[in-house]
Structures are given as structure tokens and as C-alpha cells.
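Subject: Structure handover

Hello,

Here is the structure you were expecting.

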Amino acid sequence: MIVGRFEDLRTEFMNRVSYAVYCTMATVDRRGRTRSRIMHPIWDGPIGWMISWPASHKAKHLARNPWISLAYIADEKKPVYVDGLAEWIDSDEEKHRIWDLHRTAPPPLGFDPEPHYGSIGHLYFGLLRVTPWRVELGNLGGEPIIWRP
């Protein structure tokens, strides 16, 4: 089933990603090969935010190809797939806002970034924004729910 607005799947999406907490994120390297890793996004409506090292291998991949795919599979009958554009955000205002979003969200999705990074000025603190072009709530044995902005 195709839905026209994010709001039409928001509650189920948030339930699933909050339950899973972690997802796999696939990028494409300079030779066109995929590579996956575990990530911990936090969602602000349809926009995902990840704290990540801006000099990592994923950063090198994203510099060449910013399109990513996320997969949450805490319940194999109800996976969540998010395909989107990943962009590094350098705005101090956004960094502070997302730092606070991570800090104030209830666990296990939320966490205090301070013990890991100290501050937004830390070498390993980078802010990655994911803007989906497609979200799919899978339903094994049934029709998936798909949203495209």
C-alpha cells in the first residue's frame, strides 16, 4: 500500500525503529561495491540523524555517492527499509539541536552523547542527516506500507 504522507505511517515507523534502535547502513565504495555497518539513527519526523566520525570510511564513500540504504530488522516479519540521501551538516545550531534530541529522547533510542564525545567540537562528532526518498514498512505475508515524499 502506498501512502501519501509520512504522517500516515509515522506511528508504526517510530514504533519499529524505536524497538530496533540500531540498523544497518549500506554505502557504495569508490569501486562501486556496497559496504554495510551498524548505525544508531534518531528520527525527527521523516528526517534521520546520526552522530558519526566525519573522517571515517563511510564519509569517504558518501563524498563520492551520498545515497544510502538503512535496514532495521528487529522483527524479521516487520522490517523497516529507508533509502535516502545522507549529508554532513556543519551548522552549530543543528549540532546542538540534535545533541539535545539524542540526550532527551527516552532510552534505548536516546543516549547522552557527552561521555562519548565531550562536546560538539570533538574530532569524532559529525552530524549526518538522512533525507528519505523512500520508506518501506515490510509485512511478511502481507502488503508493505510505502511512503515516498
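This is a predicted model: local features need pLDDT of at least 70, side-chain atom pairs count only at pLDDT 80 or more; totals for chains, interfaces and linings use all residues.

Residues are numbered from 1 along each chain as its sequence is written, and side-chain values use heavy atoms, with hydrogens and water left out.

Helices

Helices (H or I, at least four residues) and strands (E, at least two) are DSSP runs, numbered from the N terminus. Buried stands for under 20% relative accessible area, exposed for over 50%, and partly exposed for what lies in between (1.4 Å probe, protein chains only).

Helix α1 spans residues 10–20, and F13, R16, V17 and A20 are buried in it. These four cover an arc of only 90° around the axis, which puts them on the same side of α1; the arc is that of the directions from the helix axis to the C-beta atoms. An α-helix has 3.6 residues a turn, so residues three or four places apart point the same way. T11 and Y19 are exposed on the other side of α1. The buried residues of α1 pack against β4 (42–44), β6 (67–72), β7 (80–89) and β8, where contact means heavy atoms within 4.5 Å. After α1 comes V21, which has a positive phi, near 65°.

In α2, the buried residues are K58, A59, H61 and L62. Seen down the axis, they fall within an arc of 160°, so they line one face of the helix. K60, A63 and R64 are exposed on the face of α2 turned away from the buried side. The cover over the buried residues of α2 includes β2 (23–28), β3 (34–39), β5, β6, β7 and β8.

Aromatic pairs

Rings of Phe, Tyr and Trp (its six-membered ring) pair if their centres lie within 6.5 Å; planes under 30 degrees apart count as stacked, over 60 as edge-to-face and the rest as tilted. The count by this rule is six aromatic pairs. One of them is F6 with F13, edge-to-face, at 5.5 Å centre to centre and 75° between the planes. F6 and F13 are both buried. W53 and Y124 also form an edge-to-face pair, with 4.9 Å centre to centre and 75° between the planes. This pair links distant parts of the chain, 71 residues apart: W53 is in the loop between β5 (47–52) and α2 (57–64), and Y124 is in the loop between α4 (114–117) and β8 (126–137). W53 is partly exposed, at 35% relative accessible area, and Y124 is partly exposed, at 39%. Ring pairs also link F6, F13, W43 and W147 into a cluster.

W53 and Y124 turn up again at the surface, where they form a nonpolar patch with L123, with about 330 Å² of accessible area together. Patches are made of residues with over 30% relative accessible area and no salt bridge; like charges are joined within 9 Å, and nonpolar side chains (Val, Leu, Ile, Met, Phe, Trp, Tyr) within 5 Å. The areas come from the Shrake-Rupley method with a 1.4 Å probe, and for residues only the protein chains shown count as cover.

Salt bridges

A salt bridge is a side-chain nitrogen of Lys or Arg within 4 Å of a carboxyl oxygen of Asp or Glu. By this rule there are nine salt bridges. Among them is the one between D44 and R97, at 2.7 Å, N to O. D44 lies in strand β4 and R97 in helix α3 (residues 92–104), so the pair ties together parts that are 53 residues apart in sequence. D44 is partly exposed at 32% relative accessibility, and R97 is partly exposed at 36%. D44, E94 and R97 are linked in a network of salt bridges. E136 and R134 form another salt bridge, with their closest N and O atoms 2.9 Å apart, and both residues are buried. D8 and R5 also meet in a salt bridge, at 2.9 Å; D8 is partly exposed, at 41% relative accessible area.

I42

I42 is found in strand β4 and is buried, with a relative accessible area of 2%. Leaving aside neighbours within four places in sequence, I42 is in contact with I47, G48, W49, L101, H102, A105 and L109. I42 and M25 are 17 residues apart in sequence and 13 Å apart in space, C-alpha to C-alpha.

Regards
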